[in-house]
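Thanks for coming. Please have the sequence and the structure in view while I talk.

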Amino acid sequence: MAVATPALSDEALAEMLSLMKAADSVELKLTVPDSGQRPALEALGMDPLGAQARLVYFFDTPDLALQSAGVVVRARRVAQKGDDSVVKLRPVVPADLPREVRESPMCMVELDAMRGGHVCSASLKGLPKTSVLDVAAGSQPLRKLFSKEQRAFFAAHAPDGIGLEDISLLGPIFVLKIKGTPPGYARKLVVELWLYPDGARILELSTKCATSEAFQVAAESRAFLSERGIRPSETQTTKTRKALGFFSKQLSAP
């Protein structure tokens, strides 16, 4: 988990620093190659029996028009916690957000930093008034998963002519999440294993920190993982992009 790597140009680094100043937090992420996933879990010493199960549902058009516009619409079922939803815009420049959105208690602006890249996103979170299962079964409309504030945010950024009634269910993806403090690491570490229907999987390690400490945390995290022989994938795969790509092909299939 490194914020700055040789792959970042001077321009990209300057942009990242500017975005960090206006973000609420930084999340450092890396994905682990398939061959290193089991050794990584063993090296971290985190008990897999403590994993929380999740089902993640995405919503988009068959040709992924929302993704192309930088809009992510998602809902989740979380074991022992219930359902939640989010409408996310990425990339985003925090200063460009309307004041009512930026100051909303449901808004989170976060900079994701990964090997060789970064992206800033704005998320409006909510607690649905109906269950995700009912919407997935078609017995309740999709709009009931999202608050009035979330629906307005969606309408402001979705491509012209696309409303919530025009998008389809993509998913769900089964996810196992472990959160804890590994031996020898002084921070909370999140381990997520995304299991795709075709047998593919993504193992992502991440930690969140304040913007003011991002570089220090990145250096400490990188040293911690290196000492345990955990190496990142050469190409960092985003969980959402892979999920949308997989399920959109199913929607488009004759």
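I'll start with packing: the buried residues of helix H7 pack against helix H1 (10-22), strand E1 (25-32), helix H2 (34-44) and strand E9 (201-209). Contact here means heavy atoms within 4.5 Å, and buried means under 20% relative accessible area, exposed over 50%, partly exposed in between, with a 1.4 Å probe and protein chains only. Helices (H or I, at least four residues) and strands (E, at least two) are DSSP runs, numbered from the N terminus.

A word on the source: this is a predicted model, where local features need pLDDT of at least 70, side-chain atom pairs count only at pLDDT 80 or more, and totals for chains, interfaces and linings use all residues. Residues are numbered from 1 along each chain as its sequence is written, and side-chain values use heavy atoms, with hydrogens and water left out.

Which residues of H7 are buried? They are Ala-214, Val-217, Ala-218, Ser-221, Phe-224 and Leu-225. These cover an arc of only 135 degrees around the axis, so they sit on the same side of H7; the arc is that of the directions from the helix axis to the C-beta atoms. After H7 comes Gly-229, with a positive phi near 75 degrees.

Next, Arg-187, which is in the loop between strand E7 (168-180) and strand E8 (189-195). A polar atom of the Arg-187 side chain lies 2.7 Å from the backbone oxygen of Lys-208. Leaving aside neighbours within four places in sequence, Arg-187 has contacts that include Thr-207, Glu-213 and Val-217. Val-217 is also one of the buried residues of H7.

Last, Lys-81 lies in the loop between strand E3 (71-78) and strand E4 (82-89). Lys-81 is exposed, at 64% relative accessible area.

Conventions
A polar contact is a pair of N or O atoms within 3.5 Å; within protein, one must be able to donate a hydrogen and the other to accept it, and residues adjacent in sequence count only if both atoms are side-chain atoms.
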